[in-house]
Amino acid sequence: MTEPERHGRERRERWGFELPLLLFAGFRSLIDQLHAELADHGHPDLRPAYGFAMQAIGRDGVTASELGRRLGVSKQAAGKTVDRLAALGYAERVADPADARRKLVRLTPRGQDALVLSGAVFEELRGQWGDQLGQERLTELEDALETVVGPAAFRLDAAGWFAD
């Protein structure tokens, strides 16, 4: 039995442009499901770009300039994102203990909760993909993607890249 027969589909030749569309559709599916779960668990205002920003802020906090660098956006664009995250209660600006002239952006407990919940939801979604594809195929897919994208796979500047 061939691979396509085993999965109940006949293989067809694909066009080159379909690969990025399929990859994006998989990404979009995961992100849409994540945000539905976040909304159901008290985080209805989070948007995908905020998730990238919150990851870039990290546990220790960052300056707005560093946040902009990590996200691949201007300091002003990063500042606007911080303003929105602060208004929603996910981040705050605090004095930098190392330099009183600077402000750090830090996640609030609400922001940290959203990231922890996101991690748990992603684990659940990965499990669902494993159930649908089979764990071996999912692992092969992940390994193949890791091979293709190399060590720069986990960049946080995707939100800025999409906006360009």
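Q: Which residue forms a salt bridge with D99 here?
A: In this predicted model, the partner of D99 is R101, and the closest N and O atoms of the two are 3.0 Å apart.

Q: Are those two buried or exposed?
A: D99 is buried, with a relative accessible area of 18%, whereas R101 is exposed, at 75%. The cut-off matters for D99, because buried is taken to mean under 20% relative accessible area.

Q: And what is the bridge partner of D96 in β2?
A: That is D99 again, which is the bridge partner of D96 in strand β2.

Q: How do β1 and β2 pair, parallel or antiparallel?
A: Strand β1, covering residues 91-96, and strand β2, covering residues 99-107, pair in the antiparallel sense over six bridges.

Q: How accessible are D83 and R93?
A: D83 is partly exposed, with a relative accessible area of 41%, and R93 also counts as partly exposed, at 39%.

Q: How many salt bridges does the structure hold?
A: The structure holds nine salt bridges, and one of them joins the side chains of R69 and E66, at 3.1 Å from N to O.

Q: Where do R69 and E66 sit relative to each other?
A: Both are in helix α4 (residues 64-71), and because they are three residues apart there, about one helical turn separates them. R69 counts as exposed, at 58% relative accessibility, while E66 counts as partly exposed, at 25%.

Q: Changing topic, which residues form the negative surface patch?
A: The patch is formed by E136, E140, D143 and E146. Among them, E140 is found in helix α7, which spans residues 135-149.

Q: How exposed is E140?
A: E140 is partly exposed, with a relative accessible area of 44%.

Conventions. Residues are numbered from 1 along each chain as its sequence is written. This is a predicted model: local features need pLDDT of at least 70, side-chain atom pairs count only at pLDDT 80 or more; totals for chains, interfaces and linings use all residues. Side-chain values use heavy atoms; hydrogens and water are left out. Two strands pair if DSSP finds at least two bridges between them. Helices (H or I, at least four residues) and strands (E, at least two) are DSSP runs, numbered from the N terminus. Patches are made of residues with over 30% relative accessible area and no salt bridge: like charges are joined within 9 Å, nonpolar side chains (Val, Leu, Ile, Met, Phe, Trp, Tyr) within 5 Å. Accessible areas come from the Shrake-Rupley method with a 1.4 Å probe; for residues, only the protein chains shown count as cover. A salt bridge is a side-chain nitrogen of Lys or Arg within 4 Å of a carboxyl oxygen of Asp or Glu. Lys and Arg count as positive and Asp and Glu as negative; His and the chain ends are not counted. The place of a charge is taken as NZ of Lys, CZ of Arg, CG of Asp or CD of Glu. Buried means under 20% relative accessible area, exposed over 50%, partly exposed in between (1.4 Å probe, protein chains only).
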